[in-house]
Amino acid sequence: MSNKTIRNLFLAAACLAAAACGGPKRPSTVGTTPEVERRVEQILAQMTLAEKIGQMNQVSADGGVDNYAEAVRRGQIGSVLNVVDPEKINEMQRIAMEESRLAIPLLVGRDVIHGFHTVFPIPLGLAATFDPALVEEGARVAAVEATAQGVRWTFSPMLDIARDPRWGRMAEGSGEDTWLDARMGEAMVRGYQGAQWDTTAMAACIKHFVGYGAAEGGRDYNSTFLTENQLRNVYLPPFEAAVKAGALTLMTSFNDNDGVPSTGNRFIVKDILRDEWGFDGLVVTDWNSMGEMVSHGYGADRREVARQALDAGVDMDMMTFGFITHLEELVRAGEVRESAIDDAVRNILRVKILLGLFEHPYVDAAAAETVQYAPEHLDAARRTAEESAVLLKNDGVLPLDAGRVRTILVTGPMADAPHDQLGTWSFDGQKQHTVTPLAALRERFPGRVIYVPGLKDSREQRARFDDVVAAARRADVVLAFLGEEAILSGEAHSLADLNLKGSQSELLAALQATGKPVVATVMAGRPLTVERDLPHCGAMLYSFHPGTMGGPALANLIFGDATPSGKTPVTFLRTVGQVPMYYSHNMTGRPYRGEKLLDEIGPEAGQTSLGNTSYYLDYGAYPLFPFGYGLSYTTFAYTEPSLDKAVYGRDDVVRAACTLTNTGARPGTEVVQVYVRDLVGSFTRPVKELKHFERVALQPGESRRVEVEIPVSALAFWGADGTKKVEPGDFQLWLAGDSASGEPLAFKVE
Ligand code: GLC
């Protein structure tokens, strides 16, 4: 009998014992109370089987509210998505509350992924801030705006670890790292749901459970082949953290992992999410992901996949209509127990009661408008866009001195792209509210800005740039805004070539050839391969689609009113052929050392190879920029690293410290990162893993002793015996400004 089976039997026995003797059930992850549970049972007891199944049915109302009025009246719909008009939402709620038999309110969902009307940077940009408090603030803004219109459920945060930038949905997550992803997910859950259940509380939905970002080939919806080791040690921890943060709902993913589609995967939904973690929130499928199990070849027809999804622990069906069509007959046929439906409906009712929907099903449609785009919301979006930008290169051209720069050429396809600047999944962002870099710079420097786009969009092919070159000759500085349109990232938008599209690189080269100082700003939904562009600009600022206030934010950064502090949340590759490349890789038996390329080790160089180690003959083994990298307008020095002990017990706390000094002439904020390596384990362990980060603001010349605490328990991992624990042995710890810097400190755990 496998360890996993033994563990599951133990867990099941413990749960039965607790339930049977009326002992305390497991603590609720969503914060339910005896009163809430009483109400759940009281409503459930009144429901017919058909009404129970109706609660498990979610439909998209973008086809028009009237299409579903009768179904709502009959109690055949528990939730709607894609309606944001407060009047329409009120009308659907009125039908549910006044014309249906049990007056159960609808749960209204929407993809509020990085802002509602006020659009923040895409989640990959949010992660680049390494500032959970700021990200939480932005999620709270999104909740205030969305709930004012009647949206009480967002399908966010996306917690999919992504290590393949070909995958377009990398834009929607927090990048490649487990620790960063978990902290960002917690922050968004807190921000969306708020500190108490009031009418601005918006249920978070952690997604896509699980492993979706590991799609083979970076092609969206493709299969994944993650082992339990990878699931447990890389992909599941952010979800567990978000469950512990109180996430009310979770969404299953499209992918089949190791042959099992997530929406029918009992092991991850029942065994891990429910039984191990005790999640008592609501599990919803992704859009028709139940139906797609037929395409996967996992179920013969919609009736079978409906049964499989319910058996796996799914509560609500998004747009397959599998539950509403087949569950009642499956119960009659004895293939599904009504008690399983009762459990699903309990989870749904629990979320609705916690949100206060029974007491407050309606919104004040007239007042809804007043909170949209509030000045404080726009200010939060600007601050976030400033912190999310990553300075990749600066030969000293930045920050520009507004007093010395007279004429500014603004060019490039992203200089004035109000829709694309919002990035993917910004359904409700209104481009007329977007402030583009061109608009911001014209407002700030009236009469001093020349605008010549150079290219109408990122894909335009163009042989000559006479107009732009002529304009550059008249300017003191050239600001080129490049990148990719919003549509080139996001769902179903994977790319096999990550270079700047069209003739953007040629445009940059033509600008640089004029001899004028050139600042390149790249707005994109993923880390593009920009190595060939770096020589053609004095500075490169990377802005993951910065949202509504991207223009003012970038203008402030370029002219020094704000100082870049963003760090790369994903590895930047030299070429797409290096995929997948991420910092927390395994050591392998042939670790790569040295940095020589093909032209340095060919036969004429007298060497044939660098030994049989893990690298590329033509592109080496290192990325263009590592995870956690980002420059500032100042510099920082890490000195005097120390640990408070050399040997720690399992219950100890590792107290690490260093002196951080601002060695430059401008104020700046550094993201101090703490990485740990477990040198020997029952599974081979990554060369390092992020275990802490914090932002430290310093004035020029200022030094500060930075002291961090890493509980030894944070070094636990799921090992070969199927348990999660800290294994004794040797460890190393780095305090550094990115994942490739610093010298390790050694310590032991007994
Ligand atoms: C989409 C996405 C999911 C989204 C849902 C509703 O297909 O995969 O992230 O929340 O459908 O729009």
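In what sense, parallel or antiparallel, do strand E12 and E13 pair, and over how many bridges? Strand E12 (residues 408-411) and E13 pair in the parallel sense, over three bridges. The legends below start with the sheet that holds this pair.

This is a predicted model, in which local features need pLDDT of at least 70, side-chain atom pairs count only at pLDDT 80 or more, and totals for chains, interfaces and linings use all residues. Residues are numbered from 1 along each chain as its sequence is written, and side-chain values use heavy atoms, with hydrogens and water left out.

**View 1. A mixed, open sheet of six strands.** The strand order is E11-E16-E15-E14-E12-E13. Strand E11 (390-394) and strand E13 (449-451) stand at the edges. Each has a single partner strand, so one side of each lacks a neighbour in the sheet. Neighbouring strands are turned by 20 degrees against each other on average, direction ignored. Strands (E, at least two residues) and helices (H or I, at least four) are DSSP runs, numbered from the N terminus. Two strands pair if DSSP finds at least two bridges between them.

**View 2. Helices H19 and H21 against the six-stranded sheet.** Helix H19 (residues 466-473) lies across E12, E13 and strand E14 (477-483). H19 runs at about 155 degrees to E12. Helix H21 (residues 550-558) packs on the sheet and touches E14, strand E15 (518-524) and E16. The direction of H21 makes about 155 degrees with that of E16. Axes are lines fitted to C-alpha atoms, for helices over the stretch in contact; angles run from 0 to 180 degrees between N-to-C directions. Contact means heavy atoms within 4.5 Å.

**View 3. Ser-543 in strand E16.** Strand E16 spans residues 539-544. Ser-543 is buried, at a relative accessible area of 0%. Buried means under 20% relative accessible area, exposed over 50%, and partly exposed in between (1.4 Å probe, protein chains only). Setting aside residues up to four places away in sequence, Ser-543 touches Thr-521, Val-522, Met-523, Ala-524 and Leu-554.

**View 4. Ile-558 in helix H21.** Ile-558 counts as buried, at 0% relative accessibility. Beyond its neighbours within four places in sequence, Ile-558 contacts Leu-398, Pro-399, Leu-400, Leu-479, Phe-481, Thr-521, Leu-541 and Tyr-633. Tyr-619 lies 61 residues from Ile-558 along the chain, and their C-alpha atoms are separated by 32 Å.

**View 5. The buried residues of helix H2.** H2 covers residues 34-44. Its buried residues are Val-36, Val-40, Ile-43 and Leu-44. They cover an arc of only 100 degrees around the axis, which puts them on the same side of H2. The arc is that of the directions from the helix axis to the C-beta atoms. An α-helix has 3.6 residues a turn, so residues three or four places apart point the same way. The cover over the buried residues of H2 includes helix H3 (49-55) and helix H15 (338-354).

**View 6. The largest nonpolar core, with 120 residues.** Met-56, Trp-153, Ile-206, Phe-209, Leu-273, Phe-323 and Ile-341 touch the most other members. H15 gives the most to this core, with nine residues. Ile-341 touches Leu-49, Lys-52, Ile-53, Met-56, Leu-310, Leu-327, Val-331 and Val-336, not counting residues up to four places away in sequence. A second, separate core of 47 residues includes Met-170, Leu-500, Phe-572 and Tyr-629. A nonpolar core is a set of buried Ala, Val, Leu, Ile, Met, Phe, Trp, Tyr and Cys residues joined through side-chain atoms within 4.5 Å.

**View 7. An antiparallel, open sheet of three strands.** The order is E17-E19-E22. Strand E17 (636-643) and strand E22 (703-711) stand at the edges. Each has a single partner strand, so one side of each is left without a neighbour in the sheet. Neighbouring strands are turned by 25 degrees against each other on average, direction ignored. E17 and strand E19 (residues 653-662) pair over six bridges. Leu-643 has Ala-656 in E19 as its bridge partner.

**View 8. The antiparallel pair E20 and E21.** Strand E20 (residues 668-678) and E21 are joined over nine bridges. Tyr-675 stands opposite Leu-690 in E21. Strand E21 (residues 689-698) is mostly covered, with seven of its ten residues buried.
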